[in-house]
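These are my notebook entries on a single protein chain. I looked up its strands, one of its helices and its aromatic rings in turn.

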Amino acid sequence: MRNTRNQIRKQYQEIRSAMPSSLAEQLSEQISQKVLMWDVYQKAGAVFCYYPLGNEVSLMPVIKDALQKGKRLAFPKVSGNSMRFYEVTDLRDFCEGSFHVMEPDTERTKPAEWEPELCFVPGTAFDRLGGRFGYGKGYYDRYFAAKSCGCLAGCAYECQTADRLCTDTWDIRMNYLITENGIFMT
């Protein structure tokens, strides 16, 4: 089953990577506009997010809106086999970290010791039942298994979605799936 999961991950990563960057930008903008209008986001005062890498869904308009509105905002930083979220108050609070992902600069930020009301989660593939495949290292699954994190919203393009993924007991399920076609409760 492990090999099948890795093959599925690779297949969806290749599909996303093959997208022209202009299309990824256009779809990310559509997704961001849906999030900005979403009542769950509008009501959330504390949000966990991620900094996009490559053709991942970019929520930069949402991030800028959250900072402008004074929402508490935190991003993940990987250290060894663990991940921790750090509060960010400015887009200059980032530096390149693990896997070439922009992460909070720990000299400029502090750990987020508060519980978020909404968490935006990246991944390689999602299904309509809340299933998610990440990148295979388990950082998000371990983090969310150990912490209470309110509402989990998987962010993906429609081309990254499946009717059903072969998830395992340790895979943390999303409460929502957000794509360019809408926001779906799972």
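**Entry on the sheet**

I began with strand β8 (residues 125-127), which pairs with β11 in the parallel sense over two bridges. I noted that the model is predicted. Within this pairing, I found that Asp 127 has Ala 162 of β11 as its bridge partner. I then looked up the whole sheet: it is open, has three strands in the order β9-β8-β11, and its pairing is mixed. I recorded β9 (132-133) and β11 (161-162) as the edge strands, since each pairs on one side only. As a reminder to myself, strands of a sheet pair through backbone hydrogen bonds, either parallel or antiparallel.

**Entry on helix α4**

Which residues of helix α4 (residues 60-69) are buried? I listed Met 60, Val 62, Ile 63, Asp 65 and Ala 66. I next asked what covers these buried residues of α4.

**Entry on the aromatic rings**

How many aromatic pairs are there? I recorded a count of nine. Ring pairs join Phe 48, Phe 85, Trp 114, Tyr 140, Tyr 143 and Phe 144 into a cluster.

I also looked for charges placed over rings. The charged end of Lys 71 sits over the ring of Tyr 41, at 4.5 Å from the ring centre. Arg 142 lies over the face of Tyr 139, 5.3 Å from the centre of that ring.

Technical notes: Residues numbered from 1 in each chain as written. Predicted model: local features only at pLDDT ≥ 70, side-chain atom pairs only at ≥ 80, totals over all residues. Heavy atoms only, no water. Buried < 20%, exposed > 50% of the residue type's maximum accessible area, 1.4 Å probe, protein only. Helix = DSSP H or I, 4+ residues; strand = E, 2+ residues; numbered from the N terminus. Contact = heavy atoms within 4.5 Å. Phe/Tyr/Trp six-rings, centres within 6.5 Å; stacked < 30°, edge-to-face > 60°. Lys NZ or Arg CZ within 6 Å of the ring centre and 35° of its normal. Pairing = 2+ DSSP bridges.
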